[in-house]
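Trainee: I'd like to learn how to read helix packing and chain contacts in a model. Can you walk me through one?

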Amino acid sequence: MAESRRRVVVTGMAMVTPLGGDLERTWQAAKEGRSGVDYITRFDASTFPTRIAAEVKNFSLANYIPDGHERYGSAGLNAQLALAATAMLLESARLDISRLDPYRVGVYLGAGEGHQDLVTFMRLLRRAYQDGRIETPVFNAGAVAELDPVNELEQSPNMAAVHVAGFAGARGPNSNCLTACAASNQAIGEAVQLVRSGVADVMLSGGAHSMIHPLGVTGFNLLTALSTRNDEPTKASRPFDLGRDGFVLGEGAGMVVLEELEHALRRGATIHGEVIGYGLSADAFRLTDPHEDGRGAVQAMVHALRDAGLRPEDIDYINAHGTSTREGDAVETLAIKKVFGDYAYKVPVSSTKSMMGHLIAAAGVVEFILCLLAIRDGIIPPTINLETPDPECDLDYVPNEARAADVRIALSNSFGFGGQNACLIVRRFDG
Amino acid sequence: MSDQGRRVLITGLGIVSPLGCDLQSVWEQLSAGRSGIRRIEAFDPEGLPSQIAGEVIGYSARKYVDRQQRKALKVMCRDTLLAIGAARMALEDAGLLEWAGLDRERTGVVFGATMMSSELEELAEAAVACHDEQGQFSLKLWGERSIPTMPPLWMLKYLPNMPACHVSILYDLQGPNNTITMEEAASNLAFAEAMRIIQRGDADVMLAGGAESNVHPLRMARLCLLGDISTRNDDPAGACRPFDRDHCGLVAGEGAAVVVLESEEHARRRGARVYAELSGEAATCVANADRSWQVAVEAIAEVIRRALASAGADPEDIGFYNAHGNGSVVADRVEAAALREALGSKAGGVPVVPFKSHFGSAGTACGALEFVAGVLGLQHGQAPPSAAYREPDPECGLDVVHGEPRPLAVRSFLSVNFDRVGQCAALFVRAVGD
């Protein structure tokens, strides 16, 4: 089945993460096992149950797009992060879309939703709340008078994709998906399918997300999903460790160029790897919890292996979803054992969320790129803060220090709130 | 060039709309050219420039959920509640609801949806608690006093992926599951993605659709702020008049529609009733930096050409054009110009049906509602008349079906939707055997 289809290679990659403003700085920090988690500075979180997060430090779009960044001044943070990554991406991929058929170059992102202007929203609501009920005429008139139309438009979850397309000059299929924490893996997978099916030759794909805003932290705190280890920020994200108590919010963006192989070879592009497997599934179980048998995670990994035409033993490294939640890490471990059998104990598995927190919709693409870098440099990034083993999590998680290893093929897992699962398999390109 | 994979057939339809919540009522209203646009009833719309919408009246999601699953209704907001009714109808219509042969690992869901707005009442106490005695907002007070007033699952109720997730949970559908968040292009993109998933063999059956409600004070205020909205509050049924001389802006809407897409082989094997074939799709984007409705004509023209090519169809093969047509003067004229550019001299001969005149603009769900309406048209061999259309806008110069349903010379339609920043998606559907 796989022989006749169009092959899809990665010819560019870029990211902006809590570990660094670009790919090489992020990679250096990941190899050193540094944590990007610290106290929240974006807003006053001093009375929130969680006061820590992994922020992108000193982010300014002007550093990435010196000429013309003003055009995107009113864009939301998700779109700005995506644009910063895209600017570096086009540079690194030496991709000039004006020389191609722009309708065969598309964009597919898993970029997050923005958020309501909380201060204005609360003022409007408070004013409208009279005698124990919301007087909607009061709210309506206030909203129309006081909300900022540009902000309302820019917070929509389609905007990052349109800004990226406009910046790059890509006129082909343009899409954005949101499947919580699986979004950018799924975006990459579907973008690969668009190239395989012949609809596009080049896709710019990836994602961007920041939920480090008051309503984001509130929402996750209400779900009791976040770590509250506020006195030790750098120790808070501890996937697979017995003392884990929830995930740590991160933020950032990652972008890749996915290109049909012959197209890439013709233009002499640098090829970082080939996407050979994509697997999808739904837990169809509960909104907040993974299926206790890990059935969705198992199916997604099995489908990705089948798509790639591989046996489990062919995988040299697994970048785990590994969010540092009690149940999630245990179920992922179980699922890996079900798919990999005895080999589960031999294959290195690491969670880079231990260092950069959880980038939610953007997590998948950043971890996908880390897999490509592991292949490139023969180094597996570690799971930091793994101090006390959890008997339920007994695999080789590459604890605390990066490891030299010959990685030819890597698997990247992403599992979303609500049960969507997306796995990608990437292989070193050797012709 | 394009995927020569399996054919994808339409075998089930479900709709929750301002014109009704079953196929027969919806078709009766459509073929009579009636509009579902009324003064908003869900809340007092006073204070909004536009106080009318295509609102779903008298819908109860409880009817569509088995008793033991009803507690899940509490964590669903309006968009999701609309979706689960449409999904159940589609499964039932396809004969899949009780069918023991359904392989749930090979059945998935792809919807268009967007970030939903919190019910205002849920945040009322929080809004009071976060203001100090001088009436100043304080994040410290928010953290201390507001967060504890909110329901634990508050955020999950409003995430865009919730309609697709709840449907997968209600029916144990373990196949590919995705949510496309591309405003008015979202549902068309969702249908196209579901089609590719079946073509490449990752699923046999996909529920494709969309769900959105704009009948919410914050969403209405937002639409009013974005502009191009009709304020013809004294004539709701005549407020949305796409391509008409008196068009004056879009009208908000809400609804959900879900379609069962199925590989031909799977449908034939189980003897499914087949409505039509989803035979082509395309998507384009010409980013529109000035943020107006002036979406480049070129992007829409190109999406039309590419969708036809994808279906192997010529302009003569278009039974009717299922328009974006939202009633905005600028958007209508841009779309008309694009149709003329793509089809040349053939454009004037294509019957045009703007279903937003019946439903209003239900954002990410509009493509799904219009898809189901279009398939009903194919089933009855008629293009239903536009609601409220009287006199042509001479600058549009299109043959808009109005007055009476028009018998179809060719049983097919081309559906186009686009959003205000330049994202476009098109689908081509034809009756099987034609």
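This is a predicted model: local features need pLDDT of at least 70, side-chain atom pairs count only at pLDDT 80 or more; totals for chains, interfaces and linings use all residues.

Trainee: At what angle do α2 and α6 of chain B pack?

Mentor: Two packed helices are described by the angle and the distance between their axes. Here α2 (residues 78-93) and α6 (residues 162-170) of chain B pack at about 45°, axes 9 Å apart. Axes are lines fitted to C-alpha atoms, for helices over the stretch in contact, and angles run from 0 to 180 degrees between N-to-C directions. Helices are DSSP runs (H or I, at least four residues), as are strands (E, at least two), numbered from the N terminus.

Trainee: What do we call that orientation of α2(B) and α6(B)?

Mentor: Angles under 35 degrees count as roughly parallel, over 145 as roughly antiparallel, 65 to 115 as roughly perpendicular and the rest as oblique. α2(B) and α6(B) are therefore oblique. The residues in contact (C-beta atoms, placed from the backbone, within 7 Å) include Ala83(B) and Ile84(B) of α2(B) and His166(B) and Val167(B) of α6(B). By class, that contact has 7 nonpolar, 2 polar and 1 charged residues. Nonpolar covers Ala, Val, Leu, Ile, Met, Phe, Trp, Tyr, Cys and Pro; charged covers Asp, Glu, Lys and Arg; the others, Gly among them, are polar.

Trainee: And how do α2 and α6 of chain A cross?

Mentor: In chain A, the axes of α2 (residues 77-93) and α6 (residues 159-168) come within 9 Å and cross at roughly 30°. That makes α2(A) roughly parallel to α6(A). Their contact has 9 nonpolar, 3 polar and no charged residues.

Trainee: How many residues does each chain put into the contact?

Mentor: Chain A gives 68 and chain B gives 80. On the chain A side, helix α4 (residues 136-146) gives the most, with 7 residues. That side has 34 nonpolar, 26 polar and 8 charged residues.

Trainee: What about the overall form of chain B?

Mentor: Chain B has 13 helices and 15 strands, and its C-alpha trace spans about 70 × 55 × 40 Å along its principal axes.

Notes. Residues are numbered from 1 along each chain as its sequence is written. Chains are lettered from A and ligands numbered from 1 in the order in which they are written. Two residues are in contact if their C-beta atoms, placed from the backbone, lie within 7 Å.
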